[in-house]
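Trainee: Could you walk me through how to read a structure like this one, feature by feature? I would like the general idea each time and then the case at hand.

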Amino acid sequence: MTRRHSPQSFRDRAARTSRRTLLKAALGCAAGAVSSGWFPALAAETAGDPGRKRSCILLWMSGGPSQIDTFDPKPEHANGGGVKSIETAVPGIRISENLPLVAKRMKQMAIVRSMSTKEGDHSRGTYLMKTGYRPLGPIQYPSIGALFSKELGDIEADLPGYISVAPFRGFSAAAYGPGFLGPRYSPLIVGNANAVRVNGNIASTLRVENLSLPGNVDTARHDDRLSILTSLEDEFSARRPGSAVDGHRTAYKNAIRMMRSEAAAGFELDEEPDSLKEKYGLSEFGMGCLLARRLVERGVPFIEVSLNSAAANGSFGWDTHQNNQQGVAALCKVLDPAWAALMEDLEERGLLETTTIVWMGEFGRTPRLNANAGRDHFPAAWSAVLAGGGVNGGRVVGSTGPDGMKVADRPVTEQDFLGTVCGCLGIDRTSENISNVGRPISVIAPEAVPIKEIIT
Amino acid sequence: MSAQFIDQTSPVWTNQSRARDVLAEWVTNKDNPYFARTGANRVWAHFFGRGIVDPPDGFDEGNPPSHPELLDELAKAFAAHDYDFKFLIRAIAASNTYQQSSMQSHPSQSQREWIGRMPVLGLSPRQLSDSLIQATGANVTTSLRDRMLSGTQVDNQIESLFDNQVGGNVDPQSTILQALALMNCQFIVQQTEPGASKTLAAVLESPFLDTDGRIETLFLATLSRRPTGEELSRLRDYIESKSGERGRSADATQSVTEFFQAVGEELLDPSTSRQRGQEQALADIFWALLNSSEFLFNH
């Protein structure tokens, strides 16, 4: 099932709402005065527009989250590790006691308990789940952030289509890259996993670096500089037609547009009331989820927020080889309020219907606890979750046996799952891009079998 | 299961053989049709941003070389010289093809795979770091330079931001974050600040330089060339417009009072607005040069 979008873009509506002056020349000489107060009107209009494009928020669980301690609890079995299950808003569906707030949103969520993939290494698993392909041969597969934002987004929008919040790229930088789509589809990275907290203020690390002009340069002086640059560029490029110089020019144009756009205020988390911030949780991940909501409001089609660590968690992220129970509980204390608040917040603003939330990591973890009370890498049978827009909620797809060691019903591959995400987002998964080897490659491989019952 | 090479032959094992030696011998054997070709192709791709087989990892029948005879010749010579990379690099660098200009003189040169002109290539992150340090004269001792290259001084940004994913360096489409860093990052801000930048300070403080000489020096420091006449006159005008000069020739419309006022200000404090304006204008030019394609690309 494919949903058709109206061709009308966020930009068109932005223009209709506020008639802002945009950069005039390629490198821009003047940005019009920005009228305040256009944003609330635009946001309301965006939410109400039936032709509104969809957004995707990927909650990325770096390290590989334990399915048994989250969405596929086994309280009756020794492999369950003593973690209890709790009721959710949907009778019959029980999840781990670690996620009490998320449990209340189950009507809008679909759990896939039968993920079955073939990469059990962090680097390869990350690449697999974030591109849909195993790292193999010369083809540089794009991250789904680049792919989906290309399908959903508007290349002329003020903000880039793929924004990655606090990514940990150490496992696989390519899993965060635009691959053969080229740097134009690179993620805009906000904060990074090694961010140092400034006076304990987490929000302040979630900023786009170098977005503001230095103190001694005002817009007029910046314009002066840009006009010198433009004349240098004109002379150089006139004699060297081709994309290298054009790419440079486009990047500067987009960077300047973002610097001067009101949409950049999307990054000002301080505009949000403290009470709301506390609801999300004062963690980098919580603030990342709040930022994701602000960016969805501004029409950004793909935002990923990584959960890489939690205080009192001894491991890297979800890589709980030791003391699994304790580590997962600490991570869930960060995840649970942030995710639940995100869904509630989006719903209150009428944005949940058009925003698909994806929860996953690179693989699951062994059902059997190891000698260090930890769980190791386990791609054979694990869980991933879809929520919100386009998702037929309140259901579980697939299952694992009583011990969790094998998929008992309906194995789902990475391609099947990502194909399902496409379905929820209304992306034509057969849409093709020319790869770096000159061969067209579809968004999702043709052999993928999306989970029909999840897609509305 | 016994080990097999990719050409389906099996190694001959003796008691002493170590697997790596056996593999190394097979790889570099003169009869091995793969190594010389892929090696030569990789070095070629490094210099032209595009392999004769491209992408260089994509050696298969569906992806034929653009210049098969050339690849054969390079491979043959590479093997004949015992896979000496220096030999291969010298040969490529001495070729007419490599020594072409990047300027287009005929529309047929727009077909990149025919290499009718030198492609405009991206710099590697390291080259870019080095170029920035050299052009700005950032105070570099060996250890500091190393620290800069490891990313602490140029603030990670230069190194990691410019580490573009997409293979060959042709088509180095910059990302937004790269553009933001080059415009606004702390390193660039400092180095385009008259008080903090060595190059800028030298240009401003050398008594033997007039305005034209200052512009020329900035061009030489960044682009290794002098400005064209047109560039020079445009930038000279820019500096003059910012330095509040009343023009070189007498301005007929200027009132006598204004003239004396201006002269008076300069006599009282010759280093005031006029000079500051000029310094700022030169800093602006330096900034634009550091952000230009001509500086940032290998062409």
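**Strands, salt bridges and an interface**

Mentor: Let us begin with a pair of residues: A:Ile57 has A:Ile303 as its bridge partner in β7(A). Keep in mind throughout that this is a predicted model.

Trainee: How many bridges join β1(A) to strand β7 of chain A, and in which sense do they run?

Mentor: There are 6 bridges between β1(A) and β7 (residues 302–307) of chain A, and the two strands run parallel. Then look for another neighbour: β1(A) also pairs with strand β8 (residues 355–361) of chain A, again in the parallel sense, over 7 bridges. In β8(A), A:Met360 stands opposite A:Trp60.

Trainee: Is β1(A) enclosed or open?

Mentor: For a strand, check burial residue by residue, then face by face. In β1 (residues 55–61) of chain A, 7 of the 7 residues are buried, so the strand is largely enclosed by the rest of the structure. Both faces are covered, with A:Ser55, A:Ile57, A:Leu59 and A:Met61 buried on one side and A:Cys56, A:Leu58 and A:Trp60 buried on the other.

Trainee: Now the interface. What is the area buried between chain B and chain A?

Mentor: The size of an interface is often given as the accessible area lost when the parts come together. Between chain B and chain A about 4400 Å² is buried, and carbon and sulfur atoms give 60% of that. The contact takes 52 residues from chain A and 54 residues from chain B.

Trainee: How many residue pairs are in polar contact across the interface of chain B and chain A?

Mentor: The count is 14 residue pairs, with both residues at pLDDT 80 or more. On the side of chain B that touches chain A, the elements giving two or more residues are α8 (176–184), α9 (186–191), α12 (229–243), α14 (273–290) and α15 (293–296) of chain B. Of these, α8(B) gives the most, with 8 residues. By class, this side of chain B has 24 nonpolar, 19 polar and 11 charged residues.

Trainee: Which side chain does A:Glu235 meet in a salt bridge?

Mentor: The partner of A:Glu235 is B:Arg234, at 3.3 Å from N to O. B:Arg234 also forms a salt bridge with B:Glu230, at 3.7 Å between the closest N and O atoms. B:Arg234 and B:Glu230 are 4 residues apart in helix α12 of chain B, which means they are separated by about one helical turn. B:Arg234 is partly exposed, at 30% relative accessibility, and B:Glu230 is exposed, at 54%.

Note on methods. Residues numbered from 1 in each chain as written. Chains lettered and ligands numbered in written order. Predicted model: local features only at pLDDT ≥ 70, side-chain atom pairs only at ≥ 80, totals over all residues. Heavy atoms only, no water. Contact = heavy atoms within 4.5 Å. Buried area = accessible area lost by both parts, 1.4 Å probe. Salt bridge = Lys/Arg side-chain N within 4 Å of Asp/Glu carboxyl O. Polar contact = N/O pair within 3.5 Å; in protein donor to acceptor, adjacent residues only side chain to side chain. Nonpolar A, V, L, I, M, F, W, Y, C, P; charged D, E, K, R; others polar. Buried < 20%, exposed > 50% of the residue type's maximum accessible area, 1.4 Å probe, protein only. Pairing = 2+ DSSP bridges.
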